[in-house]
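Have the sequence and the 3D view open as you read.

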Amino acid sequence: MDIYPWLVFAHIADALIFVLSHGVSAWASLQIAKEHKPSRIRALLELMSTSLTGTYVGLTLLLVAGIWAGIAGGHLGGAGSGWRSRS
């Protein structure tokens with residue numbers, strides 16, 4: 001069984017997790033400036049904290065899956081190999 005397609009899928013899925021989590025954090029940080037109620041600010045800060053955990057997990061998995069896919073696909077074969085297709 002070839003693991004390469006699964007690694008590429010994981011890489012793409014992890015990129016989606018990273019982007020969505022980062023977007024939630026960015027949106028919440030922009031909303032904090034508009035809020036005046038301490039309870040709402042506290043809720044937004046908790047949301048940001050949770051989403052940043054997803055951001056860092058997604059980024060870590062994105063890097064691991066990308067490097068592993070590069071190795072498994074033979075894209076990191078050394079000098080002069082370039083980005084050849086898998087044939």
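Is Gly-23 buried, partly exposed or exposed? Keep in mind that this is a predicted model. Gly-23 comes out as partly exposed, because its relative accessible area is 37%, and buried would need under 20% while exposed would need over 50%. You'll find Gly-23 in helix α1. Its C-alpha atom is separated by 9.9 Å from that of Met-48, a residue 25 places away along the chain.

Met-48 takes us to helix α2, where Met-48 is one of the buried residues. Helix α2 covers residues 38-72, which makes 35 residues. From first C-alpha to last, α2 reaches 50 Å, close to the 51 Å you'd expect at 1.5 Å a residue. Its buried residues also include Leu-44, Leu-62, the glycines Gly-54, Gly-58 and Gly-70, and the alanines Ala-65 and Ala-69. What do they pack against? The partner is α1, residues 4-32. After α2 comes Gly-74, with a positive phi near 75°.

The table has its geometry.

| Item | Value |
|---|---|
| Trp-6 to Phe-9, ring centres | 6.4 Å |
| Trp-6 to Phe-9, ring planes | 85° |

Why call the pair edge-to-face? The planes of Trp-6 and Phe-9 sit at 85°, and an angle over 60 degrees counts as edge-to-face. Trp-6 and Phe-9 are three residues apart in helix α1, about one turn. Residues three or four places apart in an α-helix point the same way, because there are 3.6 residues a turn. Both Trp-6 and Phe-9 are exposed.

Methods
Residues numbered from 1 in each chain as written. Predicted model: local features only at pLDDT ≥ 70, side-chain atom pairs only at ≥ 80, totals over all residues. Heavy atoms only, no water. Helix = DSSP H or I, 4+ residues; strand = E, 2+ residues; numbered from the N terminus. Expected span 1.5 Å × (residues − 1). Buried < 20%, exposed > 50% of the residue type's maximum accessible area, 1.4 Å probe, protein only. Contact = heavy atoms within 4.5 Å. Phe/Tyr/Trp six-rings, centres within 6.5 Å; stacked < 30°, edge-to-face > 60°.
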